[in-house]
Amino acid sequence: GEFRKEVADVGVRATVDRLVAEHEERLATHPRGAGFRLRVGQQQLVNQVIRLFRSEYAKATAVPITRSEGRPSSAPKALSGPQLLDLLRARGALSELQIQHPSIPFVGIIDLVRTSGDGIVVLDFKTGEPKPNHEAQVLAYGILWWRKTGHPPTRVEVRYPSGVNALDVDEPALEHGERELGRRI
């Protein structure tokens, strides 16, 4: 029903076709490209993508997102923090946000920021197994959001095909994470 409509709207088949064609084109000009041919057909790739998204879709839609425009959307890079916050409030969710920290030389691309009943949630999606550095990465994205908009997230999440790692955050936790980030850089 609803999942099938979303898959059609996203255009999974067309996206896989385009990516495979680009891959094949790069291989055609590479001197050792023959060793990197795909071993599965395009329909098998489409099926794998749909299977991965089916489990994630069920988890993501378990918590309702209130949106005025139907789906998360990318925000223009030139928006100020207050404009970005207003856009989030209007749409309920924003995706693929590139944000630069104002004083630390650090830029990140946040997969998804959404509103929830208890505040703002910053999410990062991973396709593999959980790793310790993933939580530090999504915390850094929470810091970027906070510094850009002036509003800290209440939670950061790393979403895997196998589950979700969620961390509640507050300003002291973000400040500590920011100090660590600055020290590492």
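E178 is a residue of helix α6, which spans residues 171-184. The model described here is a predicted one. Is E178 buried or exposed? Its relative accessibility is 12%, and buried means under 20% relative accessible area, so E178 counts as buried.

Which residues does E178 touch, leaving aside those up to four places away in sequence? They are H101, I104, I143, W146 and R147. As for pairs between aromatic rings, the structure holds 0 of them.

## Helices α4 and α5

Helix α4 covers residues 81-91, and helix α5 covers residues 132-149. In general, two packed helices are described by the angle between their axes and the distance between the axes. For α4 and α5, the axes come within 7 Å and cross at roughly 110 degrees. Angles of 65 to 115 degrees count as roughly perpendicular, and α4 and α5 are therefore roughly perpendicular to each other.

Which residues make this contact? From α4 come G81, L84, L85 and L88, and from α5 come W145, K148 and T149. Sorted by kind, the residues of the contact of α4 with α5 are 4 nonpolar, 2 polar and 1 charged.

Most residues other than glycine have a negative phi. E96 is not a glycine, yet its phi is positive, at about 55 degrees. Where is E96 placed? The residue belongs to strand β2, made up of residues 93-100.

E96 has a relative accessible area of 46%. Buried means under 20% and exposed means over 50%, with partly exposed in between, so E96 is partly exposed.

## The protein as a whole

How many helices and strands does the protein have? There are 6 helices and 6 strands. Read from the N terminus on, the order of these elements is α-α-α-β-α-β-β-β-α-β-β-α.

The protein has 185 residues, and buried residues make up 36% of them. E178 is one of the buried residues. Contacts can also be sorted by how far apart the two residues are in sequence. Among contacts between residues at least 6 apart in sequence, 53% join residues at least 24 apart.

Notes:
Residues are numbered from 1 along each chain as its sequence is written. This is a predicted model: local features need pLDDT of at least 70, side-chain atom pairs count only at pLDDT 80 or more; totals for chains, interfaces and linings use all residues. Side-chain values use heavy atoms; hydrogens and water are left out. Rings of Phe, Tyr and Trp (its six-membered ring) pair if their centres lie within 6.5 Å; planes under 30 degrees apart count as stacked, over 60 as edge-to-face and the rest as tilted. Axes are lines fitted to C-alpha atoms, for helices over the stretch in contact, and angles run from 0 to 180 degrees between N-to-C directions. Helices (H or I, at least four residues) and strands (E, at least two) are DSSP runs, numbered from the N terminus. Angles under 35 degrees count as roughly parallel, over 145 as roughly antiparallel, 65 to 115 as roughly perpendicular and the rest as oblique. Contact means heavy atoms within 4.5 Å. Ala, Val, Leu, Ile, Met, Phe, Trp, Tyr, Cys and Pro count as nonpolar, Asp, Glu, Lys and Arg as charged, and the others, Gly among them, as polar. Buried means under 20% relative accessible area, exposed over 50%, partly exposed in between (1.4 Å probe, protein chains only).
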